[in-house]
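Please examine the structure shown below.

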Amino acid sequence: MSRERAAWVLPVSLLVALVLALLPMPASLAPLRPYFLGLAVAYWVLEEPDKVGLGFAFSMGLLADLVVGGLFGEQALRLTILAFILQRFRARLRFFPMSQQALAIGALLFNDRIVASAVHVALGEPAFPLLAWVSPVIGMLLWAPMFLLFDTLRLRTWRHR
């Protein structure tokens, strides 16, 4: 017996992540914005590996580059690296308790920040402000509530309550 899964959750979650990346924030708080698209792609790579893989992550990154603007291909590279690491360690991560999973996601988001910084340095772009290094911590703190929300919506458990 398998659970009924909501197919609409994947595209809607990615759309919401893109919209959250575009929401205006005060300039002083903008560096603290978590990488919502990275969190959403991480969830789907962990939970639906047959649907969401490296090609999907790369495509979402290109779409995000077009939507958000900036260097074309940067987010594609970042999401592909994130998805690759998640696929590599997916079996272990899925069975971690939520607190350890959040720590692992925080480490992945920190790695993502390093990759983005390396790209910026290589291209002579201005470096990220120091506050931008807090963003992976915020993403780590958002992982558990986001994971539970996506799981609830995806598995339609809200109908049975």
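## Charges over aromatic rings

In this predicted model, the charged end of Arg113 is placed over the ring of Phe128, at 4.7 Å from the ring centre.

## Aromatic pairs and their cluster

The structure contains 6 aromatic pairs. One of them joins Tyr43 and Phe147, whose ring centres are 5.2 Å apart. The planes of these two rings stand at 75°, an angle over 60 degrees, and therefore the pair counts as edge-to-face. Tyr43 belongs to helix α2, residues 36-47, and Phe147 to helix α6, residues 135-155. Because the two residues lie in these two helices, their pair ties together parts of the chain that are 104 residues apart in sequence. Both Tyr43 and Phe147 are buried.

Tyr43 also forms an edge-to-face pair with Phe150, with 5.2 Å from centre to centre and 75° between the planes. Here again helix α2 provides Tyr43 and helix α6 provides the partner, so the pair ties together parts that are 107 residues apart in sequence. Phe150 is buried, as is Tyr43. Tyr43, Trp44, Trp143, Phe147 and Phe150 form one aromatic cluster.

Is Glu47 buried or exposed? The relative accessible area of Glu47 is 13%. Buried means under 20%, so Glu47 is classed as buried.

The side chain of Glu47 is joined to that of Arg154 by a polar contact of 3.1 Å. When residues up to four places away in sequence are not counted, Glu47 touches Arg94, Phe147, Asp151 and Arg154. Phe147, one of these neighbours, is also a member of the aromatic cluster.

## The largest nonpolar core

The largest nonpolar core has 33 residues. Which of its residues touch the most other members? They are Leu14, Leu37, Trp44, Leu79, Leu86, Ile105 and Trp143. Helices α1 (9-22), α2, α3 (54-68), α4 (74-94), α5 (98-122) and α6 each contribute at least two residues to this core. Helix α2 gives the largest share, 9 residues.

Leaving aside residues up to four places away in sequence, Leu86 touches Ala42, Val45, Leu46, Leu93, Ile105 and Leu108. Among these, Ile105 is itself listed with the core residues that touch the most other members.

## Regions annotated in UniProt

An unreviewed UniProt entry lists residues 53-72 and 130-150 under "transmembrane region". In the model, residues 53-72 are 75% helix and 0% strand, and the C-alpha atoms at the two ends are 20 Å apart. Residues 130-150 are 76% helix and 0% strand, with end C-alpha atoms 31 Å apart.

Leu63 is found in helix α3. How exposed is this residue, and what is its relative accessible area? The relative accessible area of Leu63 is 38%, which lies between the limits of 20% and 50%, so Leu63 is partly exposed. Leu63 and Met140 are 77 residues apart in sequence, and their C-alpha atoms are 24 Å apart in space.

Definitions and conventions. Residues numbered from 1 in each chain as written. Predicted model: local features only at pLDDT ≥ 70, side-chain atom pairs only at ≥ 80, totals over all residues. Heavy atoms only, no water. Phe/Tyr/Trp six-rings, centres within 6.5 Å; stacked < 30°, edge-to-face > 60°. Helix = DSSP H or I, 4+ residues; strand = E, 2+ residues; numbered from the N terminus. Buried < 20%, exposed > 50% of the residue type's maximum accessible area, 1.4 Å probe, protein only. Lys NZ or Arg CZ within 6 Å of the ring centre and 35° of its normal. Polar contact = N/O pair within 3.5 Å; in protein donor to acceptor, adjacent residues only side chain to side chain. Contact = heavy atoms within 4.5 Å. UniProt positions renumbered as here; feature names shortened; annotations may be inferred. Core = buried A, V, L, I, M, F, W, Y, C linked by side-chain atoms within 4.5 Å.
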